[in-house]
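Welcome, and thanks for taking a look.

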Amino acid sequence: MAKRFPVFNKYFIILMAVNFSVAFSYYITFVTTASYSINFLNTSNALAGLASGIFIIGALFARLFFGSYADRIYLKPVLIIFLLLYFSSTLLYILIDSYLPLLLLRFIHGVFYGVSSTCLGVILSQNVPASIRGTAVGYYGLSIVLASAAAPFLAILFIHLECINFSFILPACLLFISVFLSFNLRVKQTAYKKSYQKFSISNYIEYSALPVSFLAFLMTAAYMPVLSFISNYSSSINLVEAGSWFFIVYAAVSMFARPASGRIFDSLGYNFVLMPAIIIFMFALIMLSVSDNSFLLLFSALLTGLGYGSFFSGGQSYALLNAPKNRLGLATSTYYIFLDIGGGIGPYIFGFAGENLGYKSMYQICAFIVFIVLILYFLLIYKNKKKLHKKSLL
């Protein structure tokens, strides 16, 4: 495999391992926070969604300000410092016993996550040749896939076993190991000396990445209610066991889908990845909304892995496709900023829908949002296929 895909080497594997730890802490605390807030702090679904989502608002602020510097600094020491802060803040959850301190910690925790994950994404984009970038991002995404499956599964297990502190001790241990792994990273970064003298939005946002980033915002807003409320939803329809396996199925499918979609992206172009992914995810949400047995629920998980999983990595590859070489870090940051916005407001807004209309209606609304994404894709991206497809094959 290493011969066929030269991206695989010791440093890439370390990068994936560190990213797994960073993502694992994000996902396990995200799921745990929602359930803990509802079941132990007696909050509403909306407030539980806010407690989960404010983490991503913190990550948004971090990416927004850090992204403008990411192409101009040496990232390795920054990564190590913020991994240590991320590790420390993960342990602090054990001391939380009321809602307002939880909100504050979630925001701070999100800031540390935002800088850490942005560092990792920029290191990847600046150290992988453009000709295999789609493939590299696809394989790199497997670390997120594994985290997005293992973390919710363990979070739900720890909640049911009433040992919720394990949801914070375990990711803290992984992050501590990642700090030492990061010392072994080899970061080859070109020093760009451009200096920004005046305030400009372009200092913080890469305009070429905006179309796909906006679609990623909507896709993530529609996905986060699945992540936040699948435990409660599966309980409400008496499918607790199937619900606990939802993200395992999602991850198993995504482990195949993301690398395959990366190769398709590099060989055939982005339209063969992004458009099918949107359609499949829309049907996944429709199926989830009508699930009344384990087969439908888990088949929805399968389609979610094919749809959202492929779009997540394919969208990142597209964001890098048109960015100037000296703004790859900013393009990465822009893409993740919009993911963060979607992840931050999705649980809160759809938490209201779930509380007032029921979970089934909530997921139907999410499916309609994805249908809008499909229309916008044709308007914003598909129409440019002749101009950009040639670049995608370079």
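Where does Asn-165 lie? Asn-165 sits in the loop between helix H5 (133-160) and helix H6 (166-182); helices here are DSSP runs of H or I, at least four residues, numbered from the N terminus. This is a predicted model, in which local features need pLDDT of at least 70, side-chain atom pairs count only at pLDDT 80 or more, and totals for chains, interfaces and linings use all residues. Residues are numbered from 1 along each chain as its sequence is written, and side-chain values use heavy atoms, with hydrogens and water left out.

Asn-165 is 71 residues from Ile-94 in sequence, yet their C-alpha atoms are 6.0 Å apart in space. Ile-94 belongs to the loop between helix H3 (75-91) and helix H4 (99-127). Asn-165 counts as partly exposed, at 33% relative accessibility, and Ile-94 counts as partly exposed at 33% (buried is under 20% relative accessible area, exposed over 50%, partly exposed in between, with a 1.4 Å probe and protein chains only).

## Buried places

Now to helix H10 (residues 271-289), where you will find Ile-278. Ile-278 is buried, with a relative accessible area of 0%. Its contacts (heavy atoms within 4.5 Å), not counting residues up to four places away in sequence, are Met-219, Phe-311, Val-370, Val-373, Leu-374 and Tyr-377. Ile-278 and Leu-374 are 96 residues apart in sequence, with 6.3 Å between their C-alpha atoms.

In helix H1, 24 of the 30 residues are buried, so H1 is largely enclosed by the rest of the structure.

Note on methods. Helices (H or I, at least four residues) and strands (E, at least two) are DSSP runs, numbered from the N terminus.
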